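Subject: Structure for you to look at

Hello,

I am passing on the structure we spoke about, with notes on what was found in it. Please have it open while you read.

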Amino acid sequence: MHALEVNFDGLVGPTHNYAGLSYGNVASLNNAASFSNPQEAVLQGLEKMKAMHDKGLTQGVFAPHARPDLNVLRRLGFTGNDSQVIHKAFKADPILLRACYSASAMWTANAATVSPSPDTLDGKVHFTSANLNNKFHRSLEPAITTRLLKAMFNNDSYFAHHTHLPDQGFFGDEGAANHTRLCDSHGEQGLEMFVFGASAFNSQLPKPAKFPARQTLEASEAICRLHNLKESSQILLQQNPDVIDQGVFHNDVIAVGNANVLLCHQQAFLNQQDALQEIRDAYTGSKQLYIIEVPTDKVSISDAVSSYLFNSQLVSLDDGSMLLVAPQECQRNSAVNAYIEEMILADNPVNQVQFFDLRQSMQNGGGPACLRLRVALNEQELAAVNPEVILTDTKYTQLCDWAKRNYRDKLGASDFADSALLTESYQALDELTQLLNLGSVYDFQLEG
């Protein structure tokens, strides 16, 4: 059956800010305490979505989370009405309050791991929200993410939703940021690559020394079981711990795959040549598998991290070629831009590039690939998706108007003491759930 891959991009939330909360993410740390522009951020993301739609690709929209998370603040001992809770938290622990305001759910590559139906024994599309327990601000996300996914993919005949893995480090799961899929076409059985940073139980495996390994072997193994993956559709590889210590906090900062192409850095995996041979041996497609290995002497790890070359998207076009969707930082970096030009002229399916201004996201450590969750769907499955979360020209216009009316153009540290920001944010999301026909998915809607 014909199938396509739909990218569901995260809408940047109204409280998008730079708090430097993500240890191990160089861009996040470098831009801590800068002023953010939530309106510019959401419009930049929407512009990228519209460009993909205009190329004939099916593009989805993923709603942001409600922030601040007042429930967790109350669990941590802050009492009173909403305004009092915010003021008490700001006075006692402003860093904690900013974490509860975090709009990091915009990076939907971390939202969940998705296994398409050709890879699963029961023939369903499986979703497991990531627990993201390595960072407090992200550990607040999985329950709401699951609600949003169920509102988008609400048909038990085609979709299976799983509870996120246990909320502790042994099963640290960062979602699709450490997962990619290689295949001849999106409707055929593929090879799902799970890349982990360390093992929680096996101390013999190496691990990074400086920054945390956010994805564990045990979490990846659990996802394979939950998703009823065929044995021939799964492979587990370890990320190179040395590059994690250089700011490569997820595999999608050092490698990206699409269909029969894997683009990766020379230092992406532990025991790289053995890992690449494992991939070749496990790939069951009939088409040629292209592994494009970027040499260190052409693109350094530092350049890869600062430009987010590998956090670009690779998307298949109707003519069988592939487009690299890259941030403008790749164009500005002379070494990276030179390599992209070389790759496009070489003998592989990637023959064009399009650069986007995603500065607001990039400064917080997320590029084009961070902003999207990939879901391969056949025609029946796509027909079962909530149609209001699929981008159209009309929906794009509505969302831009919604953002311009509801989002501030500047946020700094002192703004988080202003309870009006909560009111604005909740009102915006209440309107958005109607635009996207999501129903009541946020705590403030269910408790109201």
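The model is predicted, and it contains an open sheet of 3 strands in the order β3-β4-β5, with mixed pairing. At the edges are β3 (112–115) and β5 (159–162), each of which pairs on one side only. On average, neighbouring strands of this sheet are turned by 15° against each other, direction ignored.

Strands of a sheet pair through backbone hydrogen bonds, in either a parallel or an antiparallel sense. For β3 and β4 (residues 125–129) the pairing is antiparallel and runs over 4 bridges. In that pairing, Thr113 stands opposite Thr128 in β4.

Helix α7 (residues 142–152) packs on the sheet and touches β3, β4 and β5. The direction of α7 makes about 155° with that of β4. Because 8 of the 11 residues of α7 are buried, the helix is largely enclosed by the rest of the structure. The buried residues are Pro142, Ile144, Thr145, Thr146, Leu148, Leu149, Ala151 and Met152.

On cysteines, the structure holds 0 disulfides. A disulfide needs two cysteine sulfur atoms within 2.5 Å. The closest cysteine sulfur to that of Cys264 is in Cys330, 16 Å away, so the two are too far apart for a bond. Cys264 counts as buried because its relative accessibility is 0%. Cys400 is also buried, with a relative accessible area of 10%; the cut-off for buried is under 20%.

Regards

Technical notes. Residues numbered from 1 in each chain as written. Predicted model: local features only at pLDDT ≥ 70, side-chain atom pairs only at ≥ 80, totals over all residues. Heavy atoms only, no water. Pairing = 2+ DSSP bridges. Helix = DSSP H or I, 4+ residues; strand = E, 2+ residues; numbered from the N terminus. Axes fitted to C-alpha atoms, helices over the stretch in contact; angles between N-to-C directions. Contact = heavy atoms within 4.5 Å. Buried < 20%, exposed > 50% of the residue type's maximum accessible area, 1.4 Å probe, protein only.
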